[in-house]
Amino acid sequence: MTFRQARWDEPLVWEIRPSPPASPGDGALSELLGGYARRTPWRWPELSELEVARHFTRLSQMNFGIETSFYPLGSCTMKYNPRVGEILARNPKIAHVHPDQPTETVQGILSILYDMERMLARISGLPHVSLQVAAGAHGEFVALLMIRALFQDRGETQRTEVLLPDTAHGTNPASAAMAGFQSREVPSDNGCVSLSALTRMLSDRTAAFMLTNPNTAGLFEERVLEIADRVHEAGGILYYDGANLNAILGRTSPGAMGFDVAHLNLHKTFATPHGGGGPGDGALCVGDLLEPYLPVPRLRRVGRRYTWSYEEPRSIGKVKLAYGNVGLILRAYAYILSHGESGLKRVSRRAVLNSNYLAQRLGRHLPRPFKTLVKHEFVLSGAPLRARGVRTLDLAKRLLDEGVHAPTVYFPQLVEESLMVEPPETESKRDLDLFYEAFVRALNESPEVLRRAPQNLSVRRVDEVQAAREPRLSWRDLEKEKANPVASTPPEG
Amino acid sequence: MGRWIPGDDEEESALLAELGLSSADELFQDIPPRARIPRLGLGRPRTESEIVFHVESRLRKNRTDRDLLCFLGGPLRDRYVPALVDGILQRSEFYTSYTPYQAEASQGLLQALFEFQSLWVELTNMEVANSSLYDGGTAVGEAALMARRLRGGKRFLVPENLWWETRSILENYLRGHPVSVESIPVDPNSGEMDLDTAVRRSRDDCFGLLIEYPDSWGLLQRGLDGLKSRLGDVPLVVSTDPLALTLLEPPGSWGADIVVGEGQGLGMPVSYGGPLLGLIAGRRRDLRALPGRLVGASVDAEGRRAFTLTLQTREQHIRRSRATSNICTNQALMALAFTVYCTLLGPRELADLARQEVREAHRLAERLSSFPQLRAPRFALPYFNRFVLGLEGLTPPDFLGAMARHRILAGSRLEDPRRGDPSSAFPGILVAPPTTGATRAIERYVQATREVLSSGGKSP
């Protein structure tokens with residue numbers, strides 16, 4: 001396929017039309033400002049509306065999105081984001097509702113949030129839900145704070161360890177550390193949790209075991225019920241990282257697998273846009289054990305009225321301003337209602353079918369570690385490329401030249417030169433086949449072409465090493481560099 | 001259901017044939033029978049028009065801050081957002097894209113985020129800014145954790161009048177560590193924070209002091225410009241309002257070590273409280289302690305300017321348990337909205353907007369000060385674009401309820417709703433006039449107040 005990305009030499013916004021520093025002095029008001037009237041100048045350009053529109057439109061043309069390109073990014077579930085969600089979230093009857101309004105004036109949105117909680121409870125198999133969390137990692141952190149509070153109440157403060165598989169997402173150990181736990185990695189055995197290692201590591205110091213199922217290698221942890229039993233026998237909590245829920249929608253659920261708590265990523269499974277890195281949205285679903293610790297306020301229905309309840313004596317309190325990313329929740333609500341029971345089952349069926357289809361075809365060209373039946377994503381190893389002096393990264397960059405996004409690379413770390421491929425259910429067989437062909441073409445390219453990729457994008461290979469060695473993170477840094485070409489940075493560590 | 005899954009049964013059959021399977025159920029045989037679920041208990045699929053009608057009919061039950069006159073003064077603000085801002089956000093290359101880990105495929109977003117970082121550096125007069133956090137509340141939590149990485153210690157000081165949600169979020173962000181959050185007293189009459197006590201208590205094992213600028217009551221505390229020299233190497237964390245910085249001397253000019261804020265009011269509708277935009281900036285020497293994603297300028301293989309995520313070794317996907325934060329998904333699209341909004345208005349119009357809000361707040365306070373039952377403003381210190389309205393002889397719920405019957409959202413409650421009987425709590429509300437149509441709104445507020453007070457706070 002021939003692909004050429006737009007290549008505007010688009011200036012930085014202040015280079016479009018240099019402006020004198022804004023002079024903030026306003027004598028008339030300085031008296032009201034308690035002596036703090038701004039003296040330090042700040043600079044930002046004064047542009048016309050067309051100049052602004054053209055600038056950002058050109059920038060947008062130098063960016064991949066789902067509507068331009070297939071994104072087979074493992075662990076990210078880059079499915080199509082239905083346009084109707086954009087319309088719904090911009091309805092003035094939600095866009096202009098203030099969180100401090102009395103509940104009598106917001107019964108409409110509260111009824112939606114309430115029904116959303118109920119639907120997510122059914123999907124997760126865990127009956128109590130909070131929509132306050134901002135993202136998956138935030139959900140992990142909040143759940144761990146709740147687990148901490150639970151063990152404090154029980155006088156089991158020696159439970160200071162969080163166990164996680166060596167294939168876990170980086171957010172898991174990072175969240176554990178933020179919540180004050182030591183994380184310990186449980187080794188994998190053929191890509192799945194080693195039950196014997198887990199059993200050895202569980203103890204009365206274990207607070208929780210965090211697990212993604214299917215895991216980050218795309219494999220279903222078939223011994224999940226035994227894992228749940230072992231964790232519970234040791235007195236620990238089993239945590240479900242919902243990043244990969246798309247694969248099992250309507251087939252099983254965190255609750256049915258024995259998990260006590262789960263975060264769901266509405267921006268993955270339920271198709272809210274990723275926004276170039278955010279906003280996402282999380283939902284935290286828990287069983288009875290952890291329910292009292294959920295953040296306030298809790299949404300309650302009394303008769304036909306909905307209210308926010310703050311009288312939750314064991315709640316950990318607030319974790320974010322207001323009630324959650326409501327604009328995103330609304331999109332996800334529409335997505336779930338649209339699919340209904342049968343539609344969500346079709347989602348998991350097709351996602352897993354797409355993944356196995358592509359795995360089977362690509363598996364003829366690069367080694368696939370582990371078992372062959374995968375769920376929504378699969379892992380390949382780019383290690384054989386090394387013999388030709390190229391790396392997985394080069395292959396990934398060449399795929400960009402073909403107009404498809406690269407898979408996730410170098411994760412999971414367990415697999416050498418790994419590529420993690422996730423083709424969501426919204427991709428057609430034709431698109432999978434085109435990706436396959438592009439992938440094989442890239443594999444057969446000469447090492448020179450691969451190392452020089454990409455060539456069809458707005459820029460050539462970006463020097464990430466230089467960016468980190470001399471960080472230039474703002475307009476001011478660029479100017480300083482112009483004045484004095486050697487920037488200084490504190491050493492690592 | 002929309003046509004979101006491509007093809008028909010035949011297409012699925014073709015995929016299955018390649019796998020040598022007769023049914024897709026075989027792909028799920030690795031799920032143990034005991035863990036399988038028969039059904040979810042959800043309804044039938046719906047068409048797009050059914051969904052739109054359903055959601056619209058639910059939402060019709062909401063009253064908005066446009067149906068009612070909005071004087072809510074809490075941390076979020078629903079200002080008008082020019083059409084172009086949303087026009088840019090709706091470019092699907094932006095809103096459907098993923099985190100720009102593949103720099104070459106994402107130059108547009110990376111450049112916009114680089115501009116965003118530059119803008120926050122300009123406004124704060126700090127040295128480095130990241131490309132967003134979840135919101136202004138969690139940004140305070142992240143700032144406290146960062147301060148602790150910088151200095152170590154056991155106590156973090158905050159003003160007694162810190163907005164209750166922010167205080168609770170902060171306590172949660174610190175809960176995993178052997179530290180405490182201590183309140184610095186605020187004078188109940190003047191609203192002045194006791195900086196002498198703050199400085200005294202910042203000795204020894206204190207790892208930071210939070211100052212709000214303006215504070216949760218809308219006030220501009222005295223003595224901030226000399227504060228850093230009194231604190232020495234104790235990190236000074238400042239939580240501020242980006243619009244206010246168009247008029248106020250920026251924290252970077254009076255010694256702040258970390259500056260955070262909430263950006264929602266500039267370019268995003270309030271949307272019942274989310275999505276929001278957390279802002280953070282710091283000193284270059286502390287760069288490696290900063291949480292979240294950073295965009296840096298570099299060059300491509302031909303030596304042309306190019307942008308990329310950088311210093312990722314601070315982040316969870318590389319550093320795991322030793323990362324500076326667990327944050328992964330952030331608020332990139334909201335950072336774009338903030339940048340487009342501020343660029344479209346430009347420095348002059350932004351400052352005009354801020355000035356207008358300051359003037360209207362003062363005008364409302366002045367008008368209300370003639371009512372003997374009200375203290376407008378409740379505190380003596382200078383305030384910015386919102387103020388605490390003191391009520392005497394009637395409770396906030398009574399006053400707010402009576403004003404609501406005049407279709408006026410008269411202010412935000414200050415008290416922590418988790419504590420006991422709210423009617424006996426704090427005797428004031430936080431009031432901010434709307435940015436659009438303030439003149440008429442203020443007249444109606446004053447008129448309604450007159451009627452409410454003359455009937456003793458009961459319904460008209």
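Modeller: In chain A, the domain assignment gives domain 1 (13–60) and domain 2 (84–338), with bounds that come from an automatic or database domain assignment. The C-alpha centres of these two domains of chain A lie 42 Å apart. This is a predicted model, in which local features need pLDDT of at least 70 and side-chain atom pairs count only at pLDDT 80 or more, while totals for chains, interfaces and linings use all residues. Residues are numbered from 1 along each chain as its sequence is written, and chains are lettered from A and ligands numbered from 1 in the order in which they are written.

Let us turn to two helices. The axes of helix 6 (residues 107–124) and helix 11 of chain A come within 10 Å and cross at roughly 60 degrees; helices (H or I, at least four residues) and strands (E, at least two) are DSSP runs, numbered from the N terminus, and axes are lines fitted to C-alpha atoms, for helices over the stretch in contact, with angles that run from 0 to 180 degrees between N-to-C directions. Helix 6 and helix 11 of chain A are therefore oblique to each other (angles under 35 degrees count as roughly parallel, over 145 as roughly antiparallel, 65 to 115 as roughly perpendicular and the rest as oblique). In this contact, helix 6 of chain A supplies A:Ile109, A:Ile112, A:Leu113, A:Met116 and A:Met119, and helix 11 of chain A supplies A:Val326, A:Ile329, A:Leu330, A:Tyr333 and A:Ile336, where two residues are in contact if their C-beta atoms, placed from the backbone, lie within 7 Å. By class, the residues of this contact between helix 6 and helix 11 of chain A are ten nonpolar, no polar and no charged (Ala, Val, Leu, Ile, Met, Phe, Trp, Tyr, Cys and Pro count as nonpolar, Asp, Glu, Lys and Arg as charged, and the others, Gly among them, as polar).

The contact takes 171 residues from chain A and 163 residues from chain B. On the side of chain A that touches chain B, helix 11 (residues 326–362) of chain A gives the most, with 22 residues, and that side divides into 88 nonpolar, 52 polar and 31 charged residues.

Chain A also holds an open sheet of seven strands in the order 1-9-8-7-6-2-3, with mixed pairing; two strands pair if DSSP finds at least two bridges between them. Its edge strands, which each pair on one side only, are strand 1 (128–130) and strand 3 (182–186) of chain A.
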